[in-house]
Amino acid sequence: MPSTITPTSTEPKRKNHVEDHDNGSGRRPPTDKRTGGGGEGDNYGDRSQGNHGPRERLVRYRMGIFFALASDLMFFVAIVSSFFVSQSTGHFDAYNNYVNEWTVTTIPPILWLNTAVLILSSITMEIARRRMFHEVDVMDEWLGLGKPITRRAIPWIAVTAVLGVVFLVGQWIAWEQLAMQHVFFLSNPSSHFFYLITGVHGIHLILGIFGLMAALIGLYVSRSLESRQIMVDCASWYWHSMGVFWMFLFVLLVFFQ
Amino acid sequence: MDFPFQAASLLPLLPIDASAHGPAIDHHLLLNIWVILALAALAHLILLIGLVARRRPEATSWRVEYLPLTALAVLFAFLTIRAERLWAEARYTGAEPSALQVQVTGEQFAWYFRYPGTDAIFGVTKPQLIDAGAGNPLGIDPNDSHGADDLVTSELVLPADRQVDLRLNALDVIHGFSVPEMRLKQNAVPGMTIHVHFTPKIPGTYAILCTQVCGLGHYRMNANLRVLPPDEFAAWLAAKQKTVQP
Amino acid sequence: MNLSKSPEKLRYLFTTDHRIIGIQYLILALTSVTIGTILSLLMRIHLVWPDRILPFYGPILPEDYLAMVTIHGTIMLFFVLTTAPQSGFGNLILPAQIGARRMAFPVANAIGFWLTATALLILLSSTFVPRGSPISGWTAYPPFSAVASAGPGQGLGMDLWLASIALFAIASSIGGINTLVTIIKLRCKGMTWERLPLTVWGWFTAALLSVLAFSVLLAALLLLFCDRHAGTSFFVPTGDIVNGAIHAAGHPGNGSPLLWLHLFWFFGHPEVYIAILPGLGLTSMLLANFSRRRVFAYRTMIVTTLLIGFLGILLWGHHMFVAGLNPFAASAFAVSTMAIAIPASAKVLSWLATVWRSRPHYTTPMLFSLGFVSLFILGGLSGPILAQPILDEYLHNTFFVIAHFHLIMALAAVFGLFAGTYYWFPLMTGRMMSETLGRLHFWGTLLGAYATFLPMHLTGLMGEPRHYAQLTGVSNAAGHLLAGTLPLNRFITWSAIFLSTAQLFFFANLLYSLFRGSPAPPNPWQATTLEWHPAMHPNFPLEASEIVENPIAVYRQPCQYQPTPTGELFLPQWSPDATVDIKPE
């Protein structure tokens, strides 16, 4: 079935000679390039930022982390709905009395402090993130005139990681305090959820701290400004989300038991 | 029967229909089966004619898509409403106060049926007391006076033409309580008591199956349902009652 | 891409190239489907000849049967029907179809594959641990799945199952994120949302569902794990007594088995749409391709794809009509379930209208797409019956349900996979698959599929329940009822043997075509979508300079064909102004 190409007049002739920096690997359509992509319409010049140009990779990674966080949100939503189901489920005992075993697990007051620490860490992380995108200095760094923004972001990221560790230690203390009141994981349905929620969130934060560490190392190692920005940006969105998730979970534990 | 025909006679595959609410279900099931057979035949006919007929320019009219779609939507809505009404009749309300009370308990891999006895009250059960070997498979508390006259059987015996209120539960894992001839199915879930009610019509012996996979003996977890004429049932109950009467 | 010529095989094994990862996924799925099919054959044979001794093994015990049920269901649903269309073809073809050079996150992609492969190995390893694989089915309802003493295989085997599915869930979420970002961000110039091929829309919607649903499953698995090993009672009610021992005695709990059902089916129903959505898109595209027509009502097809995905997360309760769900909730779920019949019917109508009086080219991929339509109609129409709670009350967990979901989900999706394999084989290998063997394979599979699964509707109507290890040797009236289904069941088993044997044509075709298939011409199917762009062809790769000269851009919707006095013209998406003449065959 040989095919021949014959022009017709069904579509107006339209050709864009766009400089493609792809060296042509052969069999792949070389269109995922800095100067195109994002699937815009035919109106090639009229596109929003992020679909092309220097921020393309950043936006792609940011979108990836957002979808991952949406997925993670569903994980917490599932646990929170189990919380409500368990809270409202009772059973009939041998004497046909309706029993609901749920008793309120008193929140150790240190959790308020921990929450404040986490909010503070989100603020420091945001400062670090904004440092990485400080317009004028970005240009300097991009031109290779030192690493002004990276140097300024590093301490803030380190502070965030330290605050994260402080938060985790605080959570551990909260667990210890509960244990001293003889409230354990197995004590009650509500304590199941208290430990489960704080524990699962803690694991997420540990991952977040690893992410911050990786970003710190990356800031020293990486030679591409864009990669450095991406690392800080993704780590910070993850960190903010863990903060927001914690706020929801904390409100749940404090007010909805 | 309210229906001009016994659906079972048109659909000889179905087991006989021995309950009061069954014929309506069979009727609706049959209607559904005719509808989907007709739709399937129609769709395949259109497909085949479309394949063999001479080539024509493609259709572009939106009517080709949306008119049949509207018709199908109306058809499905009609079936839904009919089904929902039957469902509401069967499940929205509880049993009549005069219904016969029977407790059905599933465990790996047997069904137990408990009748409340002459006092019409089920005795207290405790999981700690369960001991099938000692003749107390449900853990009836001997200290509870209501439990003394409770009858526990391994077959379900019911009178014809009287509504029965089953309270289903399970001791260990989820079981499925299914009586095909009564067009009845409901899972027995541990930790829950689920009521279903129905009226057996035709005396006979029917199968009670487990329809939720519950372990290696799932396939042999069954029991008999014996529906007796009311007087025979009364005699059976009285005879059984004598064996447990203190 | 020629695997055999590579000096560095290891580089191909741990590659981040999406196309090789796609092929790796497909090989994994092919292995899985072979295992799953053998298991189903063993089950069918055991069902009608329960006394047969398995060579090198011994008699099949009831727990072996249930273990086979569990592994068959898990492997088919996760490692075949989710993996092959979404991860296999989704990697192999998706970037090319949107004109992207790669997936958005190649490393994550490779990690996803290796997680999936590990998950499969863990699942299969459960067969070899003491007491064997879990026996609670792929739905793993607690307390059966939560208490190790509830049956053989519910101990270590069940733990391995949990680990395997948890890994799979993570891998699928990663894959879903990757697919979404790829489609949103890496489309080439001119590839607007409306010009996206419907296959891409299928992958997109399925990826959305993966991202939303798999993490809920992960949470449920975590809770179940706590119930099994930490002594909590999320799913096990107070005073639950299994095998004479009270579970978690001494710890108060509000456990509810129904909570697992809700969480599981909130994941489980979207999961079955993840399996079928790419097939729906592919069928639309192939029917149009071989009918040389536009897809009828293209925009409606996009909307219905999204609508099926959206409704798919609202109707999990229809798995629970008789499970102890509130009857009012059952009514609500019945309505949302019936509602999904409407977008599904719209799909069928579009397919019928697309091929109506088109005199299509009956290539093997086209045959499988037509088979898909037929299966989707017949399997789909029994859906509304099961969606009505009052009828589900009779048919729930009978073979009627088995017939329904095997036709619409399993076989329809598998027909989609076959169509995809025959269609895209030239892109993978540069060779065409044999049409003769393909036709034999198609007719054998279609006949076998109907002969196997249509009679299952009947045994279901007769009342035969699922998960029964044997139909003979059952006492009481139940034994009589089950024995009545035996003649039909024997027929079904013979049909299943026939159906599996017909798959040998496929394997023969794969092997033959891999080594001896005729070289593929450029664009052998006169396709219009981007994966057939000359730059993609293994036999005729464009020179790099040519591509730089004319970067790929998209100018129109897929499947644009025009009749002319001399023949037909087809307008590929990438061609700005030229139409290509199709010589009459």
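Modeller: What follows is a chat about some terms and the values behind them.

Modeller: This is a predicted model, where local features need pLDDT of at least 70, side-chain atom pairs count only at pLDDT 80 or more, and totals for chains, interfaces and linings use all residues. Residues are numbered from 1 along each chain as its sequence is written, with chains lettered from A and ligands numbered from 1 in the order in which they are written.

Biologist: What makes up the secondary structure of chain A?

Modeller: Chain A has six helices and three strands, in the order β-α-β-β-α-α-α-α-α along the sequence. Helices here are DSSP runs of H or I with at least four residues, and strands are runs of E with at least two, numbered from the N terminus.

Biologist: Why are α5(A) and α6(A) called roughly antiparallel?

Modeller: Helix α5 (residues 189–221) of chain A and helix α6 (residues 225–255) of chain A pack at about 165°, with axes 9 Å apart. Axes are lines fitted to C-alpha atoms, for helices over the stretch in contact, and angles run from 0 to 180 degrees between N-to-C directions. Angles under 35 degrees count as roughly parallel, over 145 as roughly antiparallel, 65 to 115 as roughly perpendicular and the rest as oblique. So α5(A) and α6(A) are roughly antiparallel.

Biologist: And what is the hand of the crossing of α5(A) and α6(A)?

Modeller: Left-handed, the term for a near helix turned anticlockwise from the far one by less than a right angle (clockwise would be right-handed). By class, the contact of α5(A) with α6(A) has 16 nonpolar, six polar and one charged residues. Ala, Val, Leu, Ile, Met, Phe, Trp, Tyr, Cys and Pro count as nonpolar, Asp, Glu, Lys and Arg as charged, and the others, Gly among them, as polar.

Biologist: Over in chain C, what makes α8(C) oblique to α14(C)?

Modeller: Helix α8 (residues 257–291) of chain C and helix α14 (residues 399–429) of chain C pack at about 45°, their axes 9 Å apart. That angle makes α8(C) oblique to α14(C). The crossing of α8(C) and α14(C) is left-handed, and their contact has eleven nonpolar, four polar and no charged residues.

Biologist: How do you know that B:G147 is buried?

Modeller: B:G147 has 22 of them, so B:G147 is buried. B:G147 sits in the loop between β2 (110–115) and β3 (151–153) of chain B. Leaving aside neighbours within four places in sequence, B:G147 is in contact with B:G123, B:V124, B:I140, B:D141 and B:P142; contact takes C-beta atoms, placed from the backbone, within 7 Å.

Biologist: Why do you say α4(B) lies largely in the open?

Modeller: Of the 15 residues of α4(B), the number buried is zero, so α4(B) lies largely in the open. Helix α4 (residues 230–244) of chain B reaches 21 Å from first C-alpha to last, close to the 21 Å expected at 1.5 Å a residue. The expected span is 1.5 Å times one less than the number of residues.

Biologist: How many residues of chain C are in contact with chain B?

Modeller: 83 residues of chain C are in contact with 75 residues of chain B. Helix α11 (residues 341–355) of chain C gives the largest share of chain C's side, ten residues.

Technical notes: A residue is buried if 20 or more other C-beta atoms lie within 10 Å of its own, exposed if 12 or fewer, and partly exposed in between; C-beta atoms are placed from the backbone. Two residues are in contact if their C-beta atoms, placed from the backbone, lie within 7 Å.
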